[in-house]
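The points below are grouped by topic.

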Amino acid sequence: MSGRNFNEAEKTKLIQLIKEGSQVLGEIDDLKAENARLKAEVERLTKAGDVICRMAGNNQVINRHWKTAKNAAKQGGQP
């Protein structure tokens, strides 16, 4: 296999392409890290949303029992 001789303009262009490629690879790594962080944040928010929904659901049950007890108390009986 014979080697190729590059002129100065070609060498400069190749060096520039290698630098840009290296920069792109670094940006890809940064984006992968950001993606992992965002996935963790979405998971955290999903869990928090689940807790809030359960709390709201429990609150509805408590409110229903509270209204039943209040109505029974107005009528002078037990719930």
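**Briefing on the predicted model**

F6 is placed in the segment that comes before α1. The structure described here is a predicted model. In it, the secondary structure of the chain amounts to one helix and zero strands.

**Overall composition and surface**

- The chain has 79 residues, of which buried residues make up 1%.

**Nonpolar surface patch**

- F6, together with L14 and L17, forms a nonpolar patch on the surface.
- The accessible area of these three side chains' residues, F6, L14 and L17, comes to about 250 Å² together.
- F6 has a relative accessible area of 35% and is therefore partly exposed, since the partly exposed class lies between the buried limit of 20% and the exposed limit of 50%.

**Salt bridges**

- Five salt bridges are found when the whole structure is searched; those of K11 with E8, R37 with E34 and E43 with K47 are described below.

*K11 and E8*

- The closest N and O atoms of the salt bridge between K11 and E8 are 3.6 Å apart.
- Both residues, K11 and E8, belong to helix α1, which spans residues 8-74, and they are three residues apart, about one turn of the helix.
- K11 is partly exposed, at a relative accessible area of 37%, whereas E8 is exposed, at 56%.
- E8 is classed as exposed because its relative accessible area of 56% is over the 50% cut-off.

*R37 and E34*

- A salt bridge joins the side chains of R37 and E34, with an N to O distance of 2.7 Å.
- R37 and E34 also lie in helix α1, three residues apart, which is about one turn of the helix.
- R37 is partly exposed, with a relative accessible area of 46%, and E34 likewise counts as partly exposed, at 34% relative accessibility.

*E43 and K47*

- E43 and K47 form a salt bridge in which the closest N and O atoms are 3.4 Å apart.
- Because E43 and K47 are four residues apart in helix α1, about one helical turn separates them.
- E43 counts as partly exposed, with 47% relative accessibility.

Note on methods:
Residues numbered from 1 in each chain as written. Predicted model: local features only at pLDDT ≥ 70, side-chain atom pairs only at ≥ 80, totals over all residues. Heavy atoms only, no water. Salt bridge = Lys/Arg side-chain N within 4 Å of Asp/Glu carboxyl O. Helix = DSSP H or I, 4+ residues; strand = E, 2+ residues; numbered from the N terminus. Buried < 20%, exposed > 50% of the residue type's maximum accessible area, 1.4 Å probe, protein only. Patch = residues over 30% accessible without salt bridge, like charges linked within 9 Å, V, L, I, M, F, W, Y side chains within 5 Å. Areas by Shrake-Rupley, 256 points an atom, 1.4 Å probe, with all protein chains shown as cover.
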